Amino acid sequence: MSTGTWPLNRFRTDGARAGASRNATALAAGLTAPFLVALALVPIRTDLSHTNAALILVVAVVAVAALGSRTAGVAAALSAAAWFDFFLTRPYETFDIAASADIETAVLLLVVGVIVSQLAARARRLELVTVTDAAHLTLLHRTADLARSASSADTVVDHVRGELVTLLGLRACRFEYGTLLGRPPRLLQDGEVSGGRGWAEDEIELRVYGNGRYLGRFMLTPGPGPLPPLQARLVAVTLADQTGATLDTAGPGRP
C-alpha cells in the first residue's frame with residue numbers, strides 16, 4: 001500500500017474498531033441503564049407521577065442513543081418501557097398494568113424512545129459523512145499535488161491505482177493503456193455500475209479521458225465486500241479524471 005493511502009486506511013480501521021467498541025458498550029448500557037434508573041425511583045414511586053417517571057427514563061434512553069448505535073437506542077427504549085411497568089406501575093414488581101393511563105404512558109415511553117434513537121443514529125451518520133468527506137478531500141488534494149510535481153505520468157497512475165484499491169476495497173487494480181478490449185462492466189461518471197452481474201462478480205473498468213480523448217482504463221477487481229458507497233465511487237471517478245488530465249499533459253500514452 002502506498003504511503004498516500006495509509007492515512008485514509010488507518011482512519012477507517014481505527015474508526016471501525018472504535019465504533020464496534022462504542023456500540024457494544026452502548027448496547028450494555030441500553031439494557032442496564034433504564035433498569036438502574038427505574039430501581040432508583042422505587043423509594044419515591046408513590047410520590048412521583050408516572051409521567052415524570054417516564055420522562056426521567058426517556059433521559060436515560062436519550063443518553064444511550066447518543067452514545068451508541070440505533071440498536072442500542074431501541075434496546076434502551078424497550079428496557080425503559082419494561083422496567084417502568086415492573087417497578088413504577090401498580091401492581092408493583094409484575095409486568096401487569098392495571099390502569100389504562102399507565103398503559104398509554106408505557107407505550108408512549110417506548111415510541112418516544114425508539115424515535116429518539118433513530119434521530120441520534122441519523123445525527124451520528126451525518127457526522128461520519130462529514131469526517132469521511134474530509135478524508136476524501138485530502139485524498140484528492142494529495143493526488144492533485146502529486147500530478148503537479150511528478151516527473152512521470154506513470155507515477156500518478158501507480159499512485160491512483162493504490163488509492164483505488166484502498167478506497168473501493170479492491171483485491172487488485174491495474175491500468176491498461178490504449179485500445180478498449182471486450183465489454184466489461186463500467187464504473188460510470190455518476191458512480192453507477194453498468195452491465196455485469198454485480199460488483200463482486202466481474203472485473204470492472206474505470207475509463208480515463210484527457211481533454212475528451214480516451215487514454216486508458218483502470219481495471220478494478222472487487223473485493224469480497226458489498227458495493228462501495230456512492231460517495232467513494234464518485235471519488236474514484238474524480239481520481240480517474242485527475243489521471244486523465246496528467247496523461248493528456250504528458251503526451252501520448254505508451255502502447
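Predicted model: local features only at pLDDT ≥ 70, side-chain atom pairs only at ≥ 80, totals over all residues.

Let's settle one term before anything else: a residue is called buried when its relative accessible area is under 20%, exposed when it is over 50%, and partly exposed in between.

Start with the whole chain. There are six helices and five strands in it, and from the N terminus on, the order of elements is α-α-α-α-α-β-β-β-β-β-α.

Now to the helical part. Between α1 (6–41) and α2 (50–67) there's a loop, and Arg45 sits in it. Is Arg45 buried or exposed? Its relative accessibility is 15%, which is why Arg45 counts as buried. Leaving aside residues up to four places away in sequence, Arg45 touches Phe87, Leu88, Tyr92 and Glu93.

Two of the loop residues between α3 and α4 deserve a stop. Pro91 is found in the loop between α3 (70–88) and α4, and the peptide bond joining Arg90 to Pro91 is cis, with omega about -5°. Glu93, one of the residues that Arg45 touches, is found in the loop between α3 and α4 too. Phi of Glu93 is positive, near 60°, in a residue other than glycine. With a relative accessible area of 40%, Glu93 comes out as partly exposed.

Move on to helix α4, which covers residues 100–149. What makes up the nonpolar patch on the surface? Ile103, Val107, Val111, Ile115 and Leu119 do, and together they have about 430 Å² of accessible area. Pick out Val111 from this group: it's found in helix α4, and it counts as partly exposed because its relative accessibility is 40%.

Next comes a helix pair. Two packed helices are described by the angle between their axes and the distance between the axes. For helix α5 (residues 153–168) and helix α6 (residues 230–250), the angle is about 175° and the axes are 10 Å apart. Angles over 145 degrees count as roughly antiparallel, so α5 is roughly antiparallel to α6. On the α5 side, the contact is made by Ala153, Val156, Val157, Val160, Glu163, Leu164, Leu167 and Leu168. On the α6 side, the residues include Ala232, Arg233, Val235, Ala236 and Leu239. Helix α6 is also the place of Gln231, which is partly exposed because its relative accessible area is 26%. Gln231 and Gly191 are 40 residues apart in sequence, yet their C-alpha atoms are 8.0 Å apart in space.

Side chains of opposite charge can pair when their charged atoms come close. The count of salt bridges comes to 11. Which residues are linked in a network of salt bridges? They are Arg174, Glu176, Arg186, Glu203, Glu205, Arg207 and Arg217.

Glu176 forms a salt bridge with Arg217, with the closest N and O atoms 2.8 Å apart. This pair links distant parts of the chain, since Glu176 is in strand β1 (residues 170–177) and Arg217 in strand β5, 41 residues apart. Arg217 also meets Glu205 in a salt bridge, at 2.6 Å from N to O. Arg217 lies in strand β5 and Glu205 in strand β4, so this pair ties together parts that are 12 residues apart in sequence. Glu205 in turn meets Arg207 in a salt bridge, at 2.8 Å from N to O. And how accessible are these side chains? Arg217 counts as buried because its relative accessibility is 3%, Glu205 is buried with a relative accessible area of 1%, and Arg207 is buried as well.

Asn211 lies in the loop between β4 (204–210) and β5 (213–222). Its phi is near 55°, a positive value in a residue other than glycine. Asn211 is exposed, with a relative accessible area of 73%.

Key: Residues numbered from 1 in each chain as written. Heavy atoms only, no water. Patch = residues over 30% accessible without salt bridge, like charges linked within 9 Å, V, L, I, M, F, W, Y side chains within 5 Å. Areas by Shrake-Rupley, 256 points an atom, 1.4 Å probe, with all protein chains shown as cover. Salt bridge = Lys/Arg side-chain N within 4 Å of Asp/Glu carboxyl O. Helix = DSSP H or I, 4+ residues; strand = E, 2+ residues; numbered from the N terminus. Buried < 20%, exposed > 50% of the residue type's maximum accessible area, 1.4 Å probe, protein only. Axes fitted to C-alpha atoms, helices over the stretch in contact; angles between N-to-C directions. Parallel < 35°, antiparallel > 145°, perpendicular 65-115°, else oblique. Contact = heavy atoms within 4.5 Å.
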